[in-house]
Amino acid sequence: MKVLISDNLGQEGVRIFQEEDGIDVDVKTGLSPDELKAIIGGYDALVIRSATKVTQDLLSAATSLKVVGRAGIGLDNVDIPAATKKGVVVMNTPGGNVVTTAEHAIAMMMALTRNIPQATASMKKGLWEKKKLQGREIMNKTLGVIGFGKIGSVVADRARGLKMRVIVFDPIVQPEIIEKSGYEWVPLEELYKQSDYISIHVPKGKATHGLINAGAFEQMKKGVMLINCARGGIIEEDALHAALTAGKVAGAALDVFSEEPPPADMPLLALDNVILTPHLGASTEEAQTNVAVAVANQIIEYLKYNNIINAVNVPAISGKLLEKLRPFLFLGDRMGSLLAQYSAGQLKEVQVEYRGDFSGLDMSPVTTAVIKGLLDVLIQDGVNSVNAPVIAKDMGVKISESSMTETLEYLNLVSATIVTTDMERTVSGTVFGKADARIVKIDNFRIEMVPQGHLALIHNMDEPGAIGSVGAVLGDHEVNISRMQVGMEEGGKNNIILIRTDTRIPEEVAAKIGDLPKVNSIRTFEL
Ligand code: 3PG
């Protein structure tokens, strides 16, 4: 498996890849988009920070890529929908640089309020500008924290230690959770009105792009100071420039920019009351080691053991949950495959029903496994558990999932029904013990089948000689039957014979069986 590291990654992470058996790692930083596109086809995994742009164009050339690992948090440089469609897992390391980034925001606030960068520059010019560089105390001032996620909550905690009054707005986190942590929740307009300092800690997305715009500045207290260590583009830079030059905003500390690095003629660079750092929020040795180690371990875990950790485009199933779900994932995939091979017409709908005690497990990965099993047969190329639901949705297939604890004959039962333009078909399966997956019903026929190998389903008349005639044809063609089971249609007159053979039944042999007088039909499957 080949891993490409295209941004600077902590040495510890590089070493983990280098020491892992079966992994070849290349470190190639500073590549242009075209250079990266030219080589990406040879890699199974790509490790990035915020510099590499994982665009649809790049992904179109990433023929072997299975995973993009972000050593850090922000993923606005990754086209996640395009990666999902391609079946590429996108994962980040959400915990590793939280404290470091929060500390940077606090450092920026202190530096801004005491003019430390300006004072340094002034002294280096041989000046002694005590009066001009007088600052402000932060004690008892109000800090408005926008975004109470991992980083925002640490900033709020540190600011409280500095004896600031902290007010918080978050677009998602419930006010009760913020208040339970001991902070005052306020609506955004109120935060603008009351804050002496505003620090931004929301991700960049549709809802937050341009959040701090001219209208927002209008609502702010005169003399407010702004700190942005989150993402460029959340503050509209032209509007900030106008607010700074008009004196509405007294200062801004910026670590992130709508374009990185920003153009040399960015107007904000010319203002004395703006202090800047080149996206240093996560740049400490501690944080870089944390995120590098985390991303390396996560990628190895996925490439080698299929365990998904911290993925943003596929439900995480790892550790104990994976252990419990693994036999159901296998069963679901095989049921999907069987349904696809045993149906005709255009797929319109998939319904998956879970019966029994699944102990509050999230069974959606099993539903995805059913869909993947179906699409593997119907589409054949490039389907995996990441992109299967997206592909099905794009095909217009309706997917539904239901569950009930009440059981009938089995402790657990997974039933998948597909509706096509021509038919409706249901397959049910169960897991005996810890890991014994069996298909137990196909439409109205009860069977008990290990869902693996070369199989044939024969519908025959319930008459003497029917089964013998099938065995004779297979014997004549040296196809050995390793297992045979005869089932009865519920409430009907027909039998179903399920045969497992050591080798695939050739088409012409299947056709001969289909022509036997007591055989109604035969279908062969490869599971
Ligand atoms: C992040 O999103 O993790 C931080 O912004 C750090 O970005 P970086 O890894 O490019 O320094």
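**Aromatic pairs**

I began with Phe-432, which comes out partly exposed at 31% relative accessibility. My cut-offs: buried is under 20% relative accessible area, exposed is over 50%, and partly exposed is in between (1.4 Å probe, protein chains only).

I noted the ground rules. The model is predicted, so local features need pLDDT of at least 70 and side-chain atom pairs pLDDT 80 or more, while totals for chains, interfaces and linings use all residues. Residues are numbered from 1 along each chain as its sequence is written, and side-chain values use heavy atoms, with hydrogens and water left out.

I searched the whole structure and got 5 aromatic pairs. Rings of Phe, Tyr and Trp (its six-membered ring) pair if their centres lie within 6.5 Å; planes under 30 degrees apart are stacked, over 60 edge-to-face, the rest tilted.

I checked Tyr-342 and Phe-525. Their planes stand at 85 degrees with centres 5.4 Å apart, so I logged the pair as edge-to-face. Tyr-342 sits in the loop between helix H13 (319–341) and strand E13 (347–356), and Phe-525 in strand E22 (residues 519–526), so the pair ties together parts 183 residues apart in sequence. Helices (H or I, at least four residues) and strands (E, at least two) are DSSP runs, numbered from the N terminus.

I then paired Phe-432 with Tyr-410: tilted, 6.3 Å between centres, 50 degrees between planes.

Last, I found a cluster of Phe-328, Tyr-354 and Phe-358, linked by ring pairs.
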